[in-house]
Amino acid sequence: MKYNGKKYTSIWFEKGIIKIIDQTRLPEEFRIIELRNSEDIIYAINNMQVRGAPLIGVTAAYGVYFALKESGDNYQSFFNKISRIKESRPTAVNLEYAVDLICDYALESNDLDDQIERSLDKADEFYRNDMNACKKIGENGYFILQKVAKANEVNILTHCNAGWLATVDFGTASAPVFEGVNRGMDIHVWIDETRPRNQGGKLTAWEYYHEKIPHTIITDNAGGHIMQNGDVDIVITGADRIASNGDTANKIGTYLKALAAYDNKVPFYIAAPISTIDFKIKSGKDIPIEIRSEDEIKFSGKTPLNHSLSPALNHGFDVTPAKFITGFITEKGIFTPNQLKSLKNEKI
Ligand code: MRU
């Protein structure tokens, strides 16, 4: 997508190094940084310079390439690095999925040079697949927007950032928005600020501002009230891990939006690529929920936001039960929670 009129993806591979937009600096500063080895990859994922489930997956995929190159024929060292990449963030299944996919493909060969080449080829393919999946999510989601639109006008509510910064390009929850606007729909997006790291207010708002898409930032507590007023036609969020039964982990606070949507008869959709479905787990009870530093709640930089001597608890994600989810917008079409199992063989 565009920033100051120039097209960017959130990550790209250039002459042996990975380049990313450092998301910890947005919206104040647009800075491109280089990741040159597997340690840089782990640091970038753990410290959220890259974030969002699909982008975490793509970044980790290139991490496998670096790990292979660095380890030579010391496979013990390689597998240690792989474990550390996998542990860099626990909730987004895309990370583990990408790492396993690239490792399995690379290690089909017995020759180290060939393994390195194969890991890069597969990571590049994974990158392209993510971009294509998001484009398709946009096209499929557009039909849902048409269904809920009133005289071509739609008010969408979203949580966190499931925009192009969270994927290689286009985003998941934002892809139908971009598609709809391109096709002439009159769209306005309510953006939850998304405490404590404010991915909505900082990143989603930044994206829509630069794409000239009408939007309004609201506090995390405001969504229910705005739905009661009849000002939301549809809620669309992304996902970090979807269990086989449709229970879905996404940024903390998503569950409350789903409850409010249910009470107000507002359709609630999850937009995600199939790589976000974890068919190994039956329900949301099995999804590991990341707990991050309490300082994210207590401080903004060095400025105290709350009583700094009190303890705080910072769950990064929550699970929305499938019964509150109207449907899943994927690259293969729209599915109800009950229909998700039919996608099992589509996962490459
Ligand atoms: O902690 P984050 O910023 O990585 O959380 C991101 C989200 O919860 C997104 O909604 C999710 O990863 C989907 S991104 C297309």
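The protein chain contains ten helices and 20 strands, where helices (H or I, at least four residues) and strands (E, at least two) are DSSP runs numbered from the N terminus. Its radius of gyration, taken over C-alpha atoms, is 20 Å, close to the 20 Å given by the globule rule for 348 residues, so the chain is as compact as a globular protein of that length. The globule rule is 2.2 Å times the number of residues to the power 0.38. The model is predicted: local features need pLDDT of at least 70, side-chain atom pairs count only at pLDDT 80 or more, and totals for chains, interfaces and linings use all residues. Residues are numbered from 1 along each chain as its sequence is written, and side-chain values use heavy atoms, with hydrogens and water left out.

Of the 348 residues in the protein chain, 58% are buried, that is, under 20% relative accessible area (1.4 Å probe, protein chains only).

Strand S10 (residues 241–243) runs parallel to S13 and is joined to S13 by two bridges. Within this pair, Ile242 stands opposite Ile277.

Helix H9 spans residues 254–263 and includes Leu256. Leu256 is exposed, with a relative accessible area of 55%, the cut-off for exposed being over 50%.

Definitions and conventions. Two strands pair if DSSP finds at least two bridges between them.
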